[in-house]
Amino acid sequence: MIFKPLKNSQPHPDLTEVPKLGMQTSDLAADFRRHFSTTLGRDRFCMSTHYPYTALALVLRDRLMERWKNTRYAYQETDSRRAHYISLEFLMGRALGNAMLNLGVDDEATAALEKYGIELEEVAEAEHDAGLGNGGLGRLAACFLDSCATLQLPVIGYGIRYEYGMFRQHIENGHQIEEPDHWLRNGNPWELERPEFTQRIHFGGRAEFYRDASNVMRSRWVDTQDVLAVPYDVPVPGYRNGTVNTLRLWSAAATDEFNLDEFNAGDYTESVASKNKAEHISMVLYPNDASENGKELRLRQQYFLASASLGDVFRRWIRDHGLDFSEFAAKNCFQLNDTHPTIAIAEMMRRLMDKQSMGWDKAWAITSSTMAYTNHTLLPEALERWPVRMFEQLLPRLMEIIFEINARFLSEVAQRWPGDTDRLARMSIIEEADEPQVRMAYLAIVGSYSINGVAELHSELLKAGLFHDFYELWPHKFNNKTNGVTQRRWLAWCNPEQSQLISDNIGDEWVTELEHLKKLKPYAKKAAFRKKWHQVKQANKQRLANLVEEECGVVFKTEAMFDVQVKRIHEYKRQLLNILHVIHLYDRIKRGDTDNWTPRCVLIGGKAAPGYAIAKSIIKLINNVAFMVNNDPEVGDLLKVAFLPNYRVTAMELICPGTDLSEQISTAGKEASGTGNMKFMMNGAVTIGTLDGANIEIREEVGDENFFLFGMTAEEVAQTRGHYNPAAIIAADKDLNRVMKLLRCGHFNQFEQGLFENIVNSICNPHDPWLVAADFREFIDAQQCAADAYLDQDRWVQMSIMNAACSGKFSTDRTMREYNNEIWKLTSVVVENNGCQ
């Protein structure tokens with residue numbers, strides 16, 4: 001793509017300086033009419049909600065655009081230090097409501113649509129959830145960007161513009177069925193294509209040495225197969241402060257659309273082969289890597305993201321500072337969100353040495369003082385590792401650089417611990433085996449000046465276990481940054497009635513300073529406030545019940561306890577333990593053990609990775625149990641169970657305000673942090689959970705009396721290894737024995753013989769790393785405590801209020817202040833407000 005510059009490099013001010021757009025109802029209504037009828041060319045015969053939604057999005061985008069430009073100008077004029085947040089996922093959710101809230105025009109926009117007989121709620125439903133993430137990692141990244149804009153920090157997000165999201169999940173005969181999530185089918189009115197900033201990305205080829213004009217030996221990457229990275233920018237508005245930061249998403253394109261000679265010769269498939277191969281890179285989030293082709297595609301994605309993002313930063317630096325990189329490290333830092341983008345370390349070295357002709361020491365000094373790494377997992381198998389063979393074929397120059405980084409690093413280790421060959425093998429970036437592997441997490445640690453975990457326990461376990469050798473070498477690099485969520489989406493927007501009740505009593509400062517919620521504590525003792533709180537919760541539960549009935553065909557009565565677990569389906573998150581409790585309740589009802597019973601509606605939702613067989617079996621079990629429970633007249637309204645298909649951000653915006661009991665029941669020492677637990681807490685749900693991830697800090701904030709604790713600690717889990725006997729535990733526990741009997745006899749799969757043998761075997765396995773049987777008894781007892789507490793509604797409402805009041809720590813505003821104060825060291829840049837409400 002060639003974009004010729006204007007002869008006059010500074011366009012006339014009248015071209016770029018336009019009158020400020022009005023924010024009143026009449027202004028929005030006039031612009032809505034203009035976009036609907038002129039920009040989109042619709043008329044009175046248009047019946048689709050898509051076009052009113054798009055017109056409203058364009059009205060809001062116009063107002064974001066002027067603030068967006070002012071933000072870019074402010075950053076450039078102040079030459080501010082910037083952070084670049086590189087993440088393979090950004091689970092943004094819908095943008096319409098967030099834009100209205102942060103611009104302060106939600107009432108005005110509603111009224112503007114009403115002038116034309118259109119309801120905002122109906123229009124908002126036309127927006128697709130942006131399919132740019134899978135779970136907590138991507139949603140956390142989205143919350144981080146929101147907080148950075150609200151704090152007016154100069155931060156840009158970099159990700160991939162996936163054509164298809166994770167997948168759309170639907171349930172067929174209880175089984176998860178995956179369908180393509182073509183979220184871009186109808187376009188995305190929020191994005192702005194920026195083809196003038198396209199980057200060229202190299203793959204394949206070979207590295208060769210040569211001497212430059214100064215007779216210095218250098219390396220270059222030649223004979224490559226190139227792909228173009230085309231940027232699409234998405235605005236990220238701060239809360240009513242004039243700042244609009246940028247999320248830049250890269251879309252892959254071929255260097256040539258198609259081969260005309262092959263097309264004319266009749267070979268139509270081959271003529272577009274290079275185009276198709278290039279576009280595969282940004283086609284799907286997390287392609288299945290069970291095959292060799294799948295692994296290669298994921299590595300391509302990771303390098304594509306890193307190379308395009310660094311190329312963009314270098315482009316801007318050279319535009320503003322020329323070829324002098326002496327201040328580059330002082331003006332830039334890069335936060336690598338988990339292990340996926342850590343190839344950026346080797347790519348930075350390549351660009352500095354091969355493109356800017358730097359020597360190794362100078363290039364390494366810049367790289368190692370600008371890269372920071374966030375680890376999000378304690379599961380060794382979840383850390384990125386790539387075969388050296390594949391790396392050499394796909395990224396030969398990068399592999400050379402990694403070998404050199406490793407050699408220099410191991411020399412430092414050997415100097416510190418002479419003769420300790422076992423330690424050298426443990427710490428080497430290259431794992432020597434029959435198939436040598438590049439350990440990307442180790443590359444991240446070696447090349448970064450900061451390594452952080454995402455909850456206090458997680459960070460301590462990283463230092464004591466997974467990265468202990470590195471902690472001994474560089475203790476100063478390691479730190480903790482407990483995760484959070486943005487209260488603007490996860491309370492102010494998704495729970496307007498509760499938000500209004502809070503603001504009416506303590507003011508609205510909590511929207512930007514969540515710690516102000518602690519002022520609610522005295523209100524937990526006021527009967528009138530408790531009554532209003534309960535009324536709001538019941539209304540939210542009714543909205544959730546409507547969603548469940550619509551999507552699952554199951555009727556939830558709002559008088560029952562709403563017991564919810566929604567998150568990615570994984571064995572360590574222990575949805576299996578949850579459904580064992582449901583089976584236990586079902587068994588009690590069938591035996592007539594229902595004295596002082598607490599009616600309960602259990603909602604479970606989440607997606608299993610397509611290749612994760614036992615996780616998909618757990619989904620099938622949940623659905624089979626739900627079918628049996630919901631269709632048994634003896635059970636009736638005492639117990640209802642539903643599996644919500646296609647769990648997504650928009651669904652969570654209804655789920656967390658309507659939840660009574662939040663299930664956070666992972667095996668201790670396995671969950672890095674969790675953020676769903678924070679969203680539920682903020683909306684007044686009470687947590688039942690283990691001492692894992694951020695649960696520990698939630699319990700510290702809210703107090704033991706407002707948290708239902710069960711299960712082993714991380715230390716006890718570690719001590720259990722090697723002498724765990726689930727068979728003895730099952731035999732000694734009558735309740736668990738009855739539950740296992742129902743599973744073994746096929747009660748929930750009467751016409752599908754042997755269907756759940758893999759689940760039964762996993763529970764009974766002495767090597768079960770998730771220790772489901774071990775925590776069953778304490779889980780059942782804690783659930784009974786929660787049921788008893790719910791019967792005393794006055795006490796329960798007090799617990800609900802206290803959970804919301806104590807959630808102040810868990811805002812990403814606090815998290816980002818800590819990142820900034822201790823890692824990034826940016827200066828806030830005030831931007832002209834332009835009349836946000």
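View 1. Start with Arg489, which is buried at a relative accessible area of 6%; buried means under 20%, exposed over 50%, and partly exposed in between (1.4 Å probe, protein chains only). The side chains of Glu653 and Arg489 meet in a salt bridge at 2.6 Å, N to O, the term standing for a side-chain nitrogen of Lys or Arg within 4 Å of a carboxyl oxygen of Asp or Glu. Glu653 sits in helix H26 (residues 649–655) and Arg489 in helix H21, so this pair ties together parts 164 residues apart in sequence. Helices (H or I, at least four residues) and strands (E, at least two) are DSSP runs, numbered from the N terminus. A note on the model: it is predicted, so local features need pLDDT of at least 70 and side-chain atom pairs count only at pLDDT 80 or more, while totals for chains, interfaces and linings use all residues. Residues are numbered from 1 along each chain as its sequence is written, and side-chain values use heavy atoms, with hydrogens and water left out.

**View 2. Asp146 and Arg488 in a salt bridge.** Here the side chains of Asp146 and Arg488 meet at 2.9 Å, N to O. Asp146 belongs to helix H7 (residues 136–150) and Arg488 to helix H21 (residues 487–493), so the pair ties together parts 342 residues apart in sequence. Both Asp146 and Arg488 are buried.

**View 3. Arg34 and Asp62, one more pair.** The whole structure has 65 salt bridges, and one of them joins the side chains of Arg34 and Asp62 at 3.8 Å, N to O. Arg34 is in helix H2 (residues 25–39) and Asp62 in helix H3 (residues 50–78), so to speak linking distant parts of the chain, 28 residues apart. Arg34 counts as partly exposed at 38% relative accessibility, and Asp62 is partly exposed as well, at 23%.

**View 4. A salt-bridge network.** Asp587, Arg591, Asp733, Asp735, Arg738, Arg777 and Asp781 are linked up in a network of salt bridges.

View 5. Gly605 lies in strand S19 (residues 600–605) and is buried, with a relative accessible area of 0%. Leaving aside neighbours within four places in sequence, Gly605 is in contact (heavy atoms within 4.5 Å) with residues including Gln565, Val566, Phe643 and Tyr647.

View 6. Most residues other than glycine have a negative phi. Arg574, though, has a phi near 60°; it is in the loop between strand S18 (561–566) and helix H24 (575–590), and it counts as buried at 1% relative accessibility. Leu771 also has a positive phi, about 55°. Leu771 is found in the loop between H32 and helix H33 (772–791), buried with a relative accessible area of 0%.

**View 7. Ser762 in helix H32.** Ser762 is found in helix H32 (residues 757–764) and counts as buried at 17% relative accessibility. Not counting residues up to four places away in sequence, Ser762 touches Leu576, Ile614 and Asp768.
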